[in-house]
Amino acid sequence: MARGRVGVEKEEGEKHIGLLKLAQTLSFLLVFMAGIIIGLAASSHIDRYFNSLPTTAFSSSSSSAGVALQTVPDYSNCTVVHRDCDGDEDDKKEAATKRKDRDCWSVAGFVRPENLSHGMSDDELFWRASMVPAKEEYYPYDRVPKVAFMFLTRGPLPMLPLWEKFFKRNEKYLSVYVHTPPGYDMNVSRDSPFYDRQIPSQKVEWGSPLLTDAEKRLLANALLDFSNERFVLLSESCVPVYNFSTVYSYLINSAYSFVDSYDEPTRYGRGRYSRKMLPDIKLHHWRKGSQWFEVNRKLAVYIISDSKYYSLFKQFCRPACYPDEHYIPTFLNMFHGSVNANRSVTWVDWSIGGPHPATYAADNITEGFLQSIRRNETDCLYNEEPTSLCFLFARKFAPSALAPLMNLSSTVMGF
């Protein structure tokens, strides 16, 4: 009996050892398979990670045994034409033909574009120009506030010699922008403030939204230069009636912008309003004003950044509703009226009636006439104080008025 029991126990022990070895073998196989699965998963993640990285150029040379990762960006195509502002005319022509490498990431290139040529659409331009720095009143460069003189023209600038005389020796404090018909080339000398200052333009039609598009296009191009602080819209028939220092001080030190904006309770004002603009633009918002505005940088950014309200004007303000007379006056009245002087700094004579103001030719240009514009009969407000200095510019002047204006510029206008 004892020997039989021992045999059974031995047999059961061998079975237990066999089961244990089987369990160990299965455990090893499970761990091995788990390792393979984890390895494959990790390899897949690593491949996806490196494949998601930007393509990086590799370089090799005969003097090196392996390949090296190129970590320095390639600036070989970052070139611009630099114009030598010093020296004689021959030196300028030679410098204009040379190309120099420039750091693509320089602050100077961002805040002060060297030329006005670009291939941006209006939407791209307005988006780019709407960017504003978060660090207010802080500039990491020597910033001199400038006035941007924006000329919206139908071609030639007959008053160009007068403007060149007005700008002379003040280039540090001004920028010039000219919107002409597409394909028109201004023929001016290299030392003129108007040289190479035409912006990429498009077709313009009087009385249509295309005219307001051109105004916004001028504003946006001028905003690309972060030194521009004030923006004045002018036509080819506009002239200055004060010297540059007076104009500059008046605009730079003003707490307000100068946009004509008033309620006109006639068919020429409220009568042009369309109820299709509801509910965003109501009749009591509607304003009329002169096209020839002057605004500070903040308002310029607001104007070119707006698409919601401007789209309503483009849809529903059609002849005999003229967007250039209503869009900016209405938009500023709705949202920024407290910083607008509600008047223009450009004098114009509407006394003759009709759709266009009076035009003045050579016979009309006298010292008394110019003084009457310079010293307004009715005082206006400047920084909430009464003043007789209300107009800095005037229009409309025929080409024949240039000669007498040039003769009187030093004795009457002071330049």
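Two strands pair if DSSP finds at least two bridges between them. Keep that in mind as you work through these exercises on a predicted model.

**Exercise 1. In what order do the strands of the 4-stranded open sheet lie, and which are the edge strands?**

Step 1. Start with β5 (residues 146–152) and β6: 6 bridges join them, and the two strands run parallel. One of the bridge pairs is leucine 152 with histidine 179 of β6.

Step 2. Turn to β7 (residues 228–235), which is joined to β9 by 3 bridges, this time antiparallel. Here phenylalanine 231 stands opposite valine 295 in β9.

Step 3. The edge strands are β6 and β9 (294–296), since each pairs on one side only. From one strand to the next, the twist averages 20°.

**Exercise 2. Is strand β6 largely enclosed or left open by the rest of the structure, and why?**

Step 1. Recall the cut-off: a residue is buried when its relative accessible area is under 20%.

Step 2. Look at the two directions. Leu174, Val176 and Val178 point one way from β6, while Ser175, Tyr177 and His179 point the other way, and all are buried.

Step 3. Conclude: because 6 of the 6 residues of β6 (residues 174–179) are buried, the strand is largely enclosed by the rest of the structure.

**Exercise 3. Which helices lie across strands of the sheet, and at what angles do they run?**

Step 1. Find helix α6 (residues 209–223). It lies across β5, β6, β7 and β9, and runs at about 150° to β5.

Step 2. Now find helix α8 (residues 297–305), which lies across β7 and β9 and runs at about 100° to β9.

**Exercise 4. How do helices α9 and α10 pack, and which residues make the contact?**

Step 1. Two packed helices are described by the angle between their axes and the distance between the axes.

Step 2. For α9 (residues 308–316) and α10 (residues 323–335), the angle is about 145° and the axes are 11 Å apart. The crossing of α9 past α10 is right-handed.

Step 3. List the contact: α9 gives Tyr309, Tyr310 and Phe313, and α10 gives His326, Tyr327, Thr330, Phe331, Met334 and Phe335.

Step 4. Sort these residues by kind: 7 are nonpolar, 2 are polar and none is charged.

Terms used. Residues are numbered from 1 along each chain as its sequence is written. This is a predicted model: local features need pLDDT of at least 70, side-chain atom pairs count only at pLDDT 80 or more; totals for chains, interfaces and linings use all residues. Side-chain values use heavy atoms; hydrogens and water are left out. Buried means under 20% relative accessible area, exposed over 50%, partly exposed in between (1.4 Å probe, protein chains only). Axes are lines fitted to C-alpha atoms, for helices over the stretch in contact, and angles run from 0 to 180 degrees between N-to-C directions. A crossing is left-handed if the near helix is turned anticlockwise from the far one by less than a right angle, and right-handed if clockwise. Contact means heavy atoms within 4.5 Å. Ala, Val, Leu, Ile, Met, Phe, Trp, Tyr, Cys and Pro count as nonpolar, Asp, Glu, Lys and Arg as charged, and the others, Gly among them, as polar.
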